Amino acid sequence: ERRMEEKGEVEVVWRRAPKEFYQKDCERLSIDLIGKRLVRVVTVKDESGGGEKKVALRGTIIEVEAYLGVDDAAAHSYQGKVTEKNKSMYLEAGYSYVYYSFRGRANCFNITSDVEGVPAAPLIRAVEPLGDEHTMQILCANRQRFHQAKTGLTLKPSALIRNKICGGPAKLCESFDITRDEWDGKSLCDDQNQELYVEIPYLP
């Protein structure tokens, strides 16, 4: 994809981030992720002609929280803790770590950094949608209705307002259909994965 930057009419090409982009310490990666694009390709109902179609959802990453590993008391890997739930944190750089939060009612999406065995992973907290908010709203509403059926909690209409559908780690995962069951421990760099990855800009 190509677009012209407003300042100086510089052509910028967005491409999938390679493994090398993630191979840095967690704090540095967290900073570098700001302004990059999260891409999620989903299969949705084709409202125009029936059947299904694939839609690429994109959002500019605007908020990230760094969890720095064994010395960070807020990290799931604090003091080298390893469990079935957090083992993906120990994978090499560029893998997804998705965990349940809010008593299992929500997913949260992280990306591993550094090298294999260093359990530090930035949490993607929020993105700014880049088009197709309608699909994001549908996905968000469907996920919340699913939780409503399980818990009896009421869906809040305010949660589907454009500036809130991706505003927070749980809402982001709902709007981009990122779940632990499907995406925990998956590489964002593997060419076989064409459905969840990060895009970075470069000058051709």
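Guide: Let's start with pockets: on a 1 Å grid over the protein atoms alone, a pocket is an open set of points where a 1.4 Å probe fits, with protein on both sides within 12 Å along at least five of seven lines. The model is predicted: local features need pLDDT of at least 70, side-chain atom pairs count only at pLDDT 80 or more, and totals for chains, interfaces and linings use all residues. Residues are numbered from 1 along each chain as its sequence is written, and side-chain values use heavy atoms, without hydrogens and water.

Visitor: What space lies in the second largest pocket?

Guide: About 230 Å³, counted as the space filled by probe spheres set on the grid points.

Visitor: How do you know which residues line the second largest pocket?

Guide: A lining residue has an atom within 4 Å of a point. H76, K81, T83, K85, N86, Y97, Y99, Y100 and R180 pass that test. Strand 5 (residues 96-101) gives the largest share, three residues; a strand is a DSSP run of E, at least two residues, numbered from the N terminus.

Visitor: Why is R58 called buried?

Guide: Buried means under 20% relative accessible area with a 1.4 Å probe, protein chains only. R58 has 19%, so it counts as buried. R58 sits in strand 4 (residues 52-67).

Definitions and conventions:
Helix = DSSP H or I, 4+ residues; strand = E, 2+ residues; numbered from the N terminus. Buried < 20%, exposed > 50% of the residue type's maximum accessible area, 1.4 Å probe, protein only.
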